[in-house]
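Try each one before you read its solution.

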Amino acid sequence: MFLKNKKNSKIAIEQHEQLEYAQARMLQKKRLYNHFVMYLIGSVFFVIINKILKYGIQYDWYIWAITLWTFIIALHVFNVFVTHKFMDQHWERRQREKLVLKQQQRIAAMQKEIETEFPDSMINKKKE
């Protein structure tokens, strides 16, 4: 059950991360396709309400509603297919590593400051 070899565990972790990434990506695309289907159905519904049921017939409001929704779905498409290409799993990992390194540097600086201000203190010193 437990992996004894560190190399195997690293590979297993990478495979697990890749699987999670693939599932998240699939979910993004699935939501986009669902949004697009709702867009098509909603657009037809707006036209039917305005033209056939004669709701707000004096003004073609459905054009503005469909235009706004088209803009929103265009943003969704851009987010899924363009933005995500630049901010993928590798970008997230680099950002996470950068933030962890920055935090470690802050902790080291605070530790050094404590050691210089209180040289006789036993705070965070290794016991010999």
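**Exercise 1. Find which element of the protein chain has the lowest mean pLDDT and which has the highest.**

Start with the term: pLDDT is the predictor's confidence in each residue, from 0 to 100. Helices are DSSP runs of H or I with at least four residues, strands are E runs with at least two, and both are numbered from the N terminus. Among the elements, H3 comes lowest with a mean of 86, while helix H2 (residues 61-86) comes highest with 91. For the protein chain the mean is 84, and 88% of residues reach 70 or more.

Keep in mind that this is a predicted model, where local features need pLDDT of at least 70, side-chain atom pairs count only at pLDDT 80 or more, and totals for chains, interfaces and linings use all residues. Residues are numbered from 1 along each chain as its sequence is written, and side-chain values use heavy atoms, with hydrogens and water left out.

**Exercise 2. Work out the pattern of elements along the protein chain.**

Count first: there are 3 helices and 0 strands. Now read along the sequence, and you get α-α-α.

**Exercise 3. Decide whether serine 43 and asparagine 50 are buried or exposed.**

Step one is the cut-offs: buried is under 20% relative accessible area, exposed is over 50%, and partly exposed is in between (1.4 Å probe, protein chains only). Serine 43 counts as buried because its relative accessibility is 11%. Asparagine 50 is buried too, because its value is 0%.

Then look at contacts (heavy atoms within 4.5 Å). Leaving out residues up to four places away in sequence, serine 43 touches Ile66 and Trp69. With neighbours within four places set aside, asparagine 50 has contacts including Tyr55, Ile57 and Trp61. For the whole chain, buried residues make up 12% of the 128.

**Exercise 4. Say which element gives the largest share of the lining of the largest pocket.**

A pocket is an open set of points on a 1 Å grid over the protein atoms alone, where a 1.4 Å probe fits, with protein on both sides within 12 Å along at least five of seven lines; lining residues have an atom within 4 Å of a point. The lining includes Glu17, Tyr21, His84 and Arg96. Helix H1 (6-52) and helix H3 (89-117) each give two or more residues. H1 has the largest share, with 6 residues.
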